[in-house]
Amino acid sequence: MDVTLAASVDEFFHEVVTDALSAVDLDASEPASWYLVGLLGEFTTTRVTDEPLGLKLAAAAESAGQRVRTLKEVGDTSLYVAGFFAESLTRSLIDIDYYVGLGQTAYAQLARSLGPRRSIGEVYEELAAKFPQFVDVLAQVRKRVNIAECSGTGDIGRLYDIWLRTRDEWVEKKLKQAGLLVDGCKVIQ
């Protein structure tokens with residue numbers, strides 16, 4: 001993956017999401033994978049609010065349209081936070097399980113609200129059913145985006161440090177593409 005070759009944010013995230021789905025071995029529907037692409041694109045310009053998601057979920061009983069928007073926001077934010085910030089959640093009073101539970105509940109309620117006749121309802125049903133796996137997908141996306149930043153800016157040392165900690169095959173491939181051969185525990189230029 002080369003960040004400079006992507007013509008749009010969606011194209012970039014589609015490639016990264018496709019790779020991440022494969023890495024975590026998740027058989028997601030095409031609409032669900034495109035939903036993740038859209039979600040990631042949305043969070044490039046949207047700020048995560050400080051408003052407690054649990055309170056938002058509990059108050060989601062307003063008008064039908066507002067309820068759908070609130071449930072979507074709680075589900076999307078929970079998925080994004082759990083996938084991209086899992087490491088920082090381990091040092092928090094609210095852990096990843098909190099976000100997984102909120103996200104699954106929000107997406108399940110959203111799927112029921114929209115009904116199975118609407119294709120987007122099926123996507124929310126899939127997101128609810130496989131929420132922990134989709135969190136893993138976003139964690140892979142985060143890792144790949146961080147690695148792309150390292151390799152794109154010439155910070156091969158940082159990329160090598162990541163490989164030393166993880167021994168990740170994808171990172172090793174990036175090092176080799178950068179002209180470094182990884183042999184056991186050492187790098188040969």
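Colleague: Quick one on D25. Is it buried or exposed?

Modeller: Exposed. This is a predicted model, and in it D25 has a relative accessible area of 71%. The cut-off for exposed is over 50%, so D25 qualifies.

Colleague: Where does D25 lie?

Modeller: In the loop between α1 (9-23) and α2 (30-42).

Colleague: Which residues of α1 are buried?

Modeller: F12, F13, V16, V17, A20 and L21. Look down the axis of α1 and those buried residues fall within an arc of 155°, so they line one face of the helix.

Colleague: What is V145 in contact with, leaving aside neighbours within four places in sequence?

Modeller: F12 and F13. Both of those are on the buried list for α1. V145 itself is in helix α8 (residues 131-152).

Colleague: How far apart are the C-alpha atoms of V145 and F12?

Modeller: 9.8 Å. Along the chain, the two are 133 residues apart.

Colleague: Is V145 buried or exposed?

Modeller: Buried, with a relative accessible area of 17%. The cut-off for buried is under 20%, so V145 makes it.

Colleague: New topic: aromatics. How many aromatic pairs does the structure hold?

Modeller: Nine. One of them is Y80 with F84. Their ring centres are 4.9 Å apart and the planes sit at 25°, so the pair is stacked.

Colleague: Where do Y80 and F84 lie?

Modeller: Both are in helix α4 (residues 64-84). They are four residues apart, about one turn of the helix.

Colleague: What about Y80 and F85?

Modeller: They form an aromatic pair too, and it is edge-to-face. The centres are 5.8 Å apart, with 80° between the planes. F85 counts as partly exposed, at 37% relative accessibility.

Colleague: Which residues do ring pairs link into a cluster?

Modeller: Y35, Y107, Y124 and F131.

Colleague: At what angle do α2 and α4 pack?

Modeller: About 85°, with the axes 11 Å apart. The two helices are therefore roughly perpendicular to each other.

Colleague: Last one: K56. Buried or exposed?

Modeller: Buried, with a relative accessible area of 11%. Its place is in helix α3 (residues 53-58).

Colleague: Which residues is K56 in contact with, leaving aside neighbours within four places in sequence?

Modeller: T49, E51, T70, E73 and V74. Two of the contacts, E51 and E73, are glutamates.

How values were computed:
Residues are numbered from 1 along each chain as its sequence is written. This is a predicted model: local features need pLDDT of at least 70, side-chain atom pairs count only at pLDDT 80 or more; totals for chains, interfaces and linings use all residues. Side-chain values use heavy atoms; hydrogens and water are left out. Buried means under 20% relative accessible area, exposed over 50%, partly exposed in between (1.4 Å probe, protein chains only). The arc is that of the directions from the helix axis to the C-beta atoms. Rings of Phe, Tyr and Trp (its six-membered ring) pair if their centres lie within 6.5 Å; planes under 30 degrees apart count as stacked, over 60 as edge-to-face and the rest as tilted. Axes are lines fitted to C-alpha atoms, for helices over the stretch in contact, and angles run from 0 to 180 degrees between N-to-C directions. Angles under 35 degrees count as roughly parallel, over 145 as roughly antiparallel, 65 to 115 as roughly perpendicular and the rest as oblique. Contact means heavy atoms within 4.5 Å.
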